[in-house]
Amino acid sequence: MNTDLSRKLANAGLLRRYAIGALLLIAPSFASAEIAVIVNLNNKDKITMDDVQKTYLAKTKTFPGGGKIVALDQAEGSTSRVEFVSKVVKKDEAQMKAYWSRLIFTGKGVPPKTLDSDAAVLEAVISNPNAIGFVEADSVTDKVRVIGTL
Amino acid sequence: MNVKLATRFGLSALALAITPAHAVDLRFDGFATFVVGQMLDDDELNHDPQGNLMTFRGFDDQINFQSNNVFAIQARADLGEGLSATAQIMAKGVDDYDAKFSWAYLSYELTPEWTISAGQMRIPYFYYSESLDVGYSYPFIRPPFNTYDIGGFDNISGLKAEWQTDVGNWVSRVTMLAGRTDTTLKISQLPDPVKAQVSRMGLLAWSMNYDAFTVRGIYARANLSLGVSDYLDAIGFDRISNEVDSTLTGIGLPALGLNFSNDARHGAYYDNDAAEFYGIAFNYDPGPYFVTIESTVLDLQNGFMQNPGTGTYLNAGVRLGKITPYFTIERAESDYNEKGYRRLMAEVNHAGLQAQYGSLVGDLIYSGVGAGLKQVFVSSLKEENAYNIGVRYDFHPSAAFKLEYMTAKNHNYDLSPQAIAASVDVIF
């Protein structure tokens, strides 16, 4: 009985995921993925979304605990990045690019390292105690700490 | 495929061969701007009193494709442990694409808050100074022309310390810079470029940012030398003296032999003379719209050029998706070095002239010399209101197209030039 229920629930979850997947395929432009901001499990600092925004605008270089931030980015145009830039940094990608062009060519900042997938970001965050990154909420595992989802 | 593989292996082998002891993270960034523009006025409107065709913002009455073009590549080597080396090589259409190092410096991050740099770098006079050539980074085709005219002293060799820290919810950034620069300058009143030197420069800039709001203040001082004394003697003092004498002898009167002391002439020169610059800027950019106001003062304290010169502008725009309409209004004005002029006039003995030539001719000589001397000082006087209206279109993730109409009311020449320009700004 119990196992049946959990199986059903699991199936429902799977079904839902497929259904959502199908929806995403049909109407990708309407998709609005949940984004999770993640850090290493050993990072116990209290980090707000404001701190995250400042990090990706080069206004903060250290975690509240003093550790030097290694920020990770994803490819322009990827679902994760479009959502992250709009929800957390509160800019669109063109504004973000113009903003960073000022920092790069004035030597005031080096953009976060761009990784090419959620999996690569997860891997980097798992292996680097100072890393911070963002992935689609669905991709999150228990090997990273989630600061927040949006 | 095979060729590609071979190249890849070849490159790997090369990379292995030159891999230094420590991993170096090398990063290349680049930008380019292509501008085309033309003045819209009738030819006769575009000439100064001497009959020279005046250009407006680098445009003339022909379609101009190249003088505003810029192409640059920046390389940054991260050497680890906070040490990095940055170089930017730029080619400008106005220099016939002669590629030059616009900056090259070493930076060392002492702490996450403190960074020191040494080498050749951009002087951060203005809000947009450091990204002055990166058209992609700002809304207009070029930053407000009169305010951003610092006469070519853009870069400096020296030391810079930057301190970025949080003050409550604000981010504070303090920049301290000291250095010197030797260069050649093209001064519009003079036929050939002259030697120029800025030494003992000290600069302090402080910007405070809270969310979408930024305020920035700056003060700089330096000693300025310009190789203009020969020109000023030839086209100013000696010419005035010669003209007075030839007029006098032409009507049968004895020559005056007017001569100014070196001390008085120095009032028009720049010979290690103090110059000061200060400015303030406000920027509010919450995303859907933005407003920037900046005001600056350049006080040369000595010499024949505008003194002091002030520039103030307001720029605002609205972001409608990929389309950003914007406008700018700018006011620039300058005074002239009255002290320098009076020092020279003090050496023209009005009563002596009346005694020697009679009061009528004496007065004429005195006022003629006065007018001639004044011309030396007021030739670069500026009083201009400028306006532009334009639209930026972010048509590609790495490129923007801009179309801009610009005009100005120049009160010195009573001119109202107009131009229309388009640009494509790219970063890569």
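Trainee: How many bridges join β7(B) to strand β8 (residues 194–210) of chain B?

Mentor: Strands here are DSSP runs of E with at least two residues, and helices are runs of H or I with at least four, both numbered from the N terminus. Two strands pair if DSSP finds at least two bridges between them. β7(B) and β8(B) run antiparallel, and B:L185 stands opposite B:V194 in β8(B). The number of bridges joining β7(B) to β8(B) is 14.

Trainee: Before we go on, what pLDDT do local features need?

Mentor: Residues are numbered from 1 along each chain as its sequence is written, chains are lettered from A and ligands numbered from 1 in the order in which they are written, and side-chain values use heavy atoms, with hydrogens and water left out. This is a predicted model, where totals for chains, interfaces and linings use all residues, side-chain atom pairs count only at pLDDT 80 or more, and local features need a pLDDT of at least 70.

Trainee: Back to chain B, then. Which residue takes a positive phi in the hairpin of β6(B) and β7(B)?

Mentor: Strand β6 (residues 155–167) and strand β7 (residues 170–185) of chain B run antiparallel and are joined by eleven bridges. B:V167 stands opposite B:W170 in β7(B). The hairpin has two residues between the strands, and the one with a positive phi near 60 degrees is B:G168.

Trainee: What is the relative accessible area of B:Q301?

Mentor: B:Q301 sits in the loop between β11 (289–299) and β12 (309–318) of chain B. Its phi is also positive, near 65 degrees. B:Q301 is partly exposed, and its relative accessible area is 32%.

Trainee: How many Å separate the C-alpha atoms of B:A355 and B:D154?

Mentor: B:A355 lies in helix α5 (residues 350–357) of chain B and is exposed, with a relative accessible area of 66%. B:A355 and B:D154 are 201 residues apart along the chain, and their C-alpha atoms are separated by 52 Å.

Trainee: What share of the residues in chain B is buried?

Mentor: Chain B has six helices and 16 strands. Its C-alpha atoms fill a box of roughly 95 × 55 × 45 Å, taken along the principal axes. Of its 428 residues, the buried share is 46%.

Trainee: Let's turn to chain A. Which are the edge strands of its open sheet of five strands?

Mentor: The strand order is β3-β2-β4-β1-β5 (chain A), with mixed pairing. The edge strands each pair on one side only, and they are β3 (113–115) and β5 (144–149) of chain A.

Trainee: Why is β2(A) described as largely enclosed by the rest of the structure?

Mentor: β2(A), residues 70–74, pairs with β4(A), residues 131–136, in the parallel sense over two bridges, and A:A71 stands opposite A:I132 in β4(A). β2(A) also pairs with β3(A) in the parallel sense, over three bridges, where A:Q74 stands opposite A:L115. β2(A) is largely enclosed because, of its five residues, the number buried is four.

Trainee: Which residues of α3(A) does α2(A) meet?

Mentor: Contact means heavy atoms within 4.5 Å. On the α2(A) side, the residues are A:M49, A:V52, A:Q53 and A:Y56. The α3(A) residues that they meet are A:F84, A:V88 and A:V89.

How values were computed
Buried means under 20% relative accessible area, exposed over 50%, partly exposed in between (1.4 Å probe, protein chains only).
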